[in-house]
Amino acid sequence: MPTLKLGSRSEEVRTLQKALSLTPDGIFGPITEETVKVFQKEHGLTVDGIVGPKTWAIIKPCSRRIDKIIVHCSATPEGKDFTVKDIDRWHRQRGFSGIGYHAVVYRNGSVEWGRPIPQVGAHCTGQNANSIGVCYIGGVASDGKTPKDTRTPEQKQSLRELIGYLLERFPNATIHGHYEFANKACPSFKICEL
């Protein structure tokens, strides 16, 4: 979908307006911009009134059947910050087309969207087609090897809120840890402790 902003006129603007329960006139005017800003604020996005890939990823209906939300850790040492851009780079180096996770929770609790939800992820072999991958930064001790639940209080809160949001959007989905599908400790905590 193209990036839309104040002054845009197109069928995509009409699609956006329908998704936001506005009168679909195809003109991105001040009311559409204000509604987009409210939507962005409610979903933890950058509040700029511009509908780019990250906003489209949440607004656009998902045609995939989502039956699982799989929680991961980035397997990075506790106390160290990494970003979606870092993970995107690592995944590209492994031959992926881009970041495999749909959302990443930073140590400060902020959430950044990665791969758009309508796109199949690359986070759990055999489960990608019908799942959403959520990752938190951390998951190993400072030695960089030993699995450890390094979630900050802010990450715990944001993970719960993010999972709640995703369950509202995909009410038939179940929540899983990556360890349920692979011989790994990931996400370094039992999913019942979410």
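Author: The largest nonpolar core holds 36 residues, and L16, W113, L166 and F170 are the ones that touch the most other members. A nonpolar core here is a set of buried Ala, Val, Leu, Ile, Met, Phe, Trp, Tyr and Cys residues joined through side-chain atoms within 4.5 Å; buried means under 20% relative accessible area, exposed over 50%, and partly exposed in between, with a 1.4 Å probe and protein chains only. At least two residues of this core come from each of α1 (11-19), α2 (30-42), α3 (53-59), β1 (68-73), β3 (103-105), β5 (131-136) and α5 (153-169). Helices (H or I, at least four residues) and strands (E, at least two) are DSSP runs, numbered from the N terminus. The largest share, 5 residues, is supplied by α5.

The model is predicted: local features need pLDDT of at least 70 and side-chain atom pairs count only at pLDDT 80 or more, while totals for chains, interfaces and linings use all residues. Residues are numbered from 1 along each chain as its sequence is written, and side-chain values use heavy atoms, with hydrogens and water left out.

Leaving aside residues up to four places away in sequence, L166 touches I69, W113, I117, I132 and V134, where contact means heavy atoms within 4.5 Å. In soluble globular proteins, nonpolar side chains tend to be buried together.

Next comes the sheet. It is open, has 5 strands in the order β4-β3-β5-β1-β7, and its pairing is mixed; two strands pair if DSSP finds at least two bridges between them. β4 (111-113) and β7 (174-177) are the edge strands, each with a single partner, so one side of each has no neighbour in the sheet. From one strand to the next the twist averages 25°. β1 and β5 run parallel and are joined by 6 bridges; H72 has C135 in β5 as its bridge partner. α5 packs on the sheet, touching β1, β3, β4, β5 and β7, and its direction makes about 170° with that of β5. For such angles, axes are lines fitted to C-alpha atoms, for helices over the stretch in contact, and angles run from 0 to 180 degrees between N-to-C directions.

One further residue is R64, in the loop between α3 and β1. R64 is buried, with a relative accessible area of 12%. Residues touched by R64, not counting those up to four places away in sequence, include I117 and I132.
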